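Here's a quick briefing to read with the model open. Take a look at the fold, then work through the notes below.

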Amino acid sequence: MKKNRFLSGTALLAAGLVSTASAQSAQPESILPATQQAPPAAQAQAEQPAPQTVEEAFGDIRMQSGEVVQQVPSLEGEWSVAQVEELIAFIPTMEAEGLRPADYHADELVALAAQGESEALNKLASEVFVWLVEDLRDGRTPMDNRRQWFVVDPDADRMPTWKLLEDALAGGDIAGTLSGLHPVHPDYARLRDELATATDPQRIRLIRANMDRWRWLPQDLGRQYLITNVPEFMLRLTVNGRIIKSYRTVVGKPGRTATPQLAEMVEAVIFNPTWTVPQSIVVGEGLGQKVLNNPQWAASQGYKATKGAGGWIGVVQQPGPTNSLGLMKLDMPNEHAIFLHDTPSRHLFNQDNRALSHGCIRVQGARELAMTMSMLGNASSREDIPAIQEEVSEITLSGKYTRYPMAKQWPVYITYFTMATDVDGKLRAFKDIYDRDKPVLEALDAPRVSNRARETSEEAVEIIDDMQITV
């Protein structure tokens with residue numbers, strides 16, 4: 001395989017993608033930030049062993065029965081007047097973060113503080129502090145207004161509210177604790193800078209909505225990850241804050257097949273994938289009978305049919321140039337059956353509007369991505385790279401279905417930002433292809449909602465196919 005088709009081993013090492021210590025590559029990458037990157041108030045949580053999967057990182061602490069066994073400590077502390085005054089002084093800064101200072105009862109705090117320390121002051125100051133933490137750490141938009149948002153933010157587990165309150169009062173740094181909750185991704189800072197100079201009301205609302213979307217994600221996405229912004233139709237391979245490679249994408253059509261927002265782990269690269277055709281196409285669109293009745297056509301398309309009891313017909317498309325998944329897919333198990341894959345219809349990447357699929361994400365340059373992820377997931381030093389390249393090249397050319405596991409798994413974030421930094425480094429707005437801005441804007445303009453859910457109640461819709469079949 002020609003070297004210029006893939007990121008070279010030297011480039012990977014220079015970018016910090018491949019460690020020179022095999023011990024570092026033996027463990028899957030955590031989506032959580034390194035210990036030294038955690039806010040001071042969250043230090044104790046960051047020092048715990050890093051979870052190995054997205055499920056561990058994002059899941060609540062529950063028994064199999066679903067009963068929550070975590071005990072929630074007190075969310076009320078003892079405040080001095082000086083600490084309350086620092087809290088009062090912090091509230092106006094929320095406007096710069098795209099939030100509403102009016103939500104946080106500054107006038108009531110001023111009136112109570114003037115009367116000195118009291119139980120009423122402790123209760124209100126603690127309540128306001130909790131609200132500030134929740135809005136800055138988790139986002140202000142209620143889950144009901146986050147359409148098709150299936151990411152469970154781990155920050156509430158990493159930085160529990162009770163611990164933040166306890167540390168802030170003990171250490172005396174109220175403002176520092178709250179400021180330490182901001183997302184660390186540079187796009188958030190770009191949006192905040194833009195908000196400071198924006199004058200158009202509609203642009204201001206759009207900036208606020210997208211700033212809040214960053215709070216729905218982990219505060220720090222990690223050192224190495226894949227991230228795709230659906231409205232931009234782009235995928236990025238990011239390492240240590242640098243975009244190493246960008247790829248054009250095709251995403252789901254608006255409607256039932258719109259691509260949902262997820263955070264998953266890439267566990268393996270599948271080369272020469274097969275495609276099991278869903279019964280909605282086999283039966284509903286008559287593909288099964290056509291495959292049985294037209295063996296020559298079926299062979300040309302790579303379809304093989306199996307007959308079972310009661311007239312059941314199963315159809316599997318074999319690996320090959322006509323396979324709807326192309327030559328590779330990234331194996332990232334999830335209940336939506338969403339994954340990143342190749343496509344034989346590569347001409348679609350030339351279109352501006354690429355919301356064309358049945359939900360999964362098609363990637364331009366998928367073979368390069370597959371080779372790169374194979375190396376990133378398994379190479380521990382420069383010496384490992386040639387052997388992996390040779391092995392993967394042979395697998396690709398063999399035409400046989402092969403699952404190539406990644407010893408070091410990578411997080412992938414499927415996001416939805418209608419204002420973000422593009423591949424040229426410019427902050428720009430993207431078309432709201434799924435009409436997901438409106439409910440977010442409505443929530444930000446409405447009174448604050450307390451006791452918000454951490455997980456969506458929306459049903460996970462499995463994406464059953466990713467191409468149109470003409471039968």
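Leaving aside neighbours within four places in sequence, which residues is leucine 226 in contact with? They are Leu235, Arg236, Leu237, Val266, Leu330, Leu369, Met373, Trp410, Pro411, Val412 and Tyr413, where contact means heavy atoms within 4.5 Å. A word on the ground rules: this is a predicted model, where local features need pLDDT of at least 70 and side-chain atom pairs count only at pLDDT 80 or more, while totals for chains, interfaces and linings use all residues. Residues are numbered from 1 along each chain as its sequence is written, and side-chain values use heavy atoms, with hydrogens and water left out.

**Cores**

- Leu226, Leu330 and Met373 touch the most other members of the largest nonpolar core, which has 55 residues. A nonpolar core here is a set of buried Ala, Val, Leu, Ile, Met, Phe, Trp, Tyr and Cys residues joined through side-chain atoms within 4.5 Å.
- Buried means under 20% relative accessible area, exposed means over 50%, and partly exposed is in between (1.4 Å probe, protein chains only).
- Helix α16 (residues 366-378) gives this core its largest share, seven residues. Helices (H or I, at least four residues) and strands (E, at least two) are DSSP runs, numbered from the N terminus.
- Another core lies apart from it, with 29 residues, among them Phe90, Ile91, Leu99 and Leu165.

- Strand β2 (residues 234-239) has six of its six residues buried, so the rest of the structure largely encloses it.
- Met234, Arg236 and Thr238 point one way from β2, while Leu235, Leu237 and Val239 point the other way.
- On one pairing, β2 meets β1 in the antiparallel sense over six bridges, with isoleucine 227 opposite arginine 236. Two strands pair if DSSP finds at least two bridges between them.
- The β1-β2 hairpin has four residues between its strands, and phenylalanine 233 in the turn shows a positive phi of about 60°.
- β2 also pairs with strand β3 (residues 242-252), again antiparallel and over six bridges, and here leucine 237 stands opposite lysine 245.
- Two residues separate β2 and β3 in their hairpin, where asparagine 240 in the turn has a positive phi of about 50°.

**A three-stranded sheet**

- An open sheet runs in the order β5-β7-β6, with antiparallel pairing.
- Its edge strands, each pairing on one side only, are β5 (275-276) and β6 (303-307).
- Five bridges join β6 to β7 (residues 313-317), and lysine 304 has valine 316 as its bridge partner in β7.

**Rings and charges**

- There are seven aromatic pairs in the structure. Rings of Phe, Tyr and Trp (its six-membered ring) pair if their centres lie within 6.5 Å, with planes under 30 degrees apart counted as stacked, over 60 as edge-to-face and the rest as tilted.
- Tyrosine 225 is buried at 5% relative accessible area, and tyrosine 413 is buried at 0%.
- Phenylalanine 271 and tyrosine 404 are also edge-to-face, because their ring centres are 6.3 Å apart and their planes sit at 85°. Phenylalanine 271 lies in β4 (residues 262-271) and tyrosine 404 in β12, so the pair ties together parts 133 residues apart in sequence. Both residues are buried.
- Lysine 290 has its charged end over the ring of tryptophan 297, 4.1 Å from the centre. A charge counts as over a ring if NZ of Lys or CZ of Arg is within 6 Å of the ring centre and within 35 degrees of the ring normal.
- Arginine 436 does likewise with tyrosine 416, at 5.2 Å from the ring centre.

- Leu109, Leu112 and Ala113 are the buried residues of helix α6 (residues 106-113). They cover an arc of only 95° around the axis, so they sit on the same side of α6; the arc is that of the directions from the helix axis to the C-beta atoms.
- Those buried residues pack against α5 (81-90) and α7.
- Asparagine 122 sits in α7 (residues 119-138) and is buried, at 7% relative accessibility.

**Positive phi**

- Aspartate 435, not a glycine, has a positive phi of about 55°. Aspartate 435 lies in the loop between β14 (427-429) and α18 (437-445) and is exposed at 59%.
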